[in-house]
Amino acid sequence: MEVRSKIYIKSGRHGRSEIVRGERPRPTRKAELMAFAIVFDDWLAKGEAEDYSHISRITGISRFRVSKIMNLMQLPPSEQSELLFSEI
């Protein structure tokens, strides 16, 4: 007899992890936007993008939207982390 089930490891608070049955939940939209902000900020720091308009041309996202996404970097680190790892 063979039993198959999909599982993933869920990171909990205070560094605790648990094995959870089922599909991995999709990241929230806020988490995706925070991840974009981190990547875009990294591009600017490394010189891979010159400015927001260059990011706009690379990604196809409007300059206005890039600016709004980058404003997430102004949040305190604790709130950035909360957005990035939120599940719902």
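Predicted model: local features only at pLDDT ≥ 70, side-chain atom pairs only at ≥ 80, totals over all residues.
User: How should I read the packing of two helices, and what angle do α1 and α2 make?

Analyst: Two packed helices are described by the angle between their axes and by the distance between those axes. The axes are lines fitted to C-alpha atoms, for helices over the stretch in contact, and angles run from 0 to 180 degrees between N-to-C directions. In this model, the axes of α1 (residues 29–46) and α2 (residues 52–59) come within 11 Å and cross at roughly 120 degrees. That makes α1 oblique to α2, since angles under 35 degrees count as roughly parallel, over 145 as roughly antiparallel, 65 to 115 as roughly perpendicular and the rest as oblique. The crossing of α1 and α2 is right-handed, a term used if the near helix is turned clockwise from the far one by less than a right angle, with anticlockwise giving left-handed.

User: Which residues of α1 and α2 meet?

Analyst: Contact means heavy atoms within 4.5 Å. By that rule Phe40, Trp43 and Leu44 in α1 meet Tyr52, Ile55, Ile58 and Thr59 in α2. The residues of this contact divide into 6 nonpolar, 1 polar and no charged, where Ala, Val, Leu, Ile, Met, Phe, Trp, Tyr, Cys and Pro count as nonpolar, Asp, Glu, Lys and Arg as charged, and the others, Gly among them, as polar.

User: At what angle do α2 and α3 pack?

Analyst: Helices α2 and α3 pack at an angle of about 115 degrees, with their axes 9 Å apart. That makes α2 roughly perpendicular to α3, and α2 passes α3 in a right-handed crossing. Tyr52, Ser53, Ile55 and Ser56 of α2 make the contact with Arg63, Val66, Ser67 and Met70 of α3. Those residues divide into 4 nonpolar, 3 polar and 1 charged.

User: Which residues of α2 are buried, and what covers them?

Analyst: Buried means under 20% relative accessible area, exposed means over 50%, and partly exposed lies in between, with a 1.4 Å probe and protein chains only. The buried residues of α2 are His54, Ile55 and Ser56, and what covers them includes α1 and α3. His54 has a relative accessible area of 19%, and, not counting residues up to four places away in sequence, His54 touches Glu48 and Ala49.

User: How many residues make up the largest nonpolar core?

Analyst: A nonpolar core is a set of buried Ala, Val, Leu, Ile, Met, Phe, Trp, Tyr and Cys residues joined through side-chain atoms within 4.5 Å. The largest one has 11 residues in all, including Leu33, Phe40, Ile55, Val66 and Leu72. The elements that give two or more residues to this core are α1 and α3 (63–70), and its largest share, 4 residues, comes from α1.

How values were computed
Residues numbered from 1 in each chain as written. Heavy atoms only, no water.
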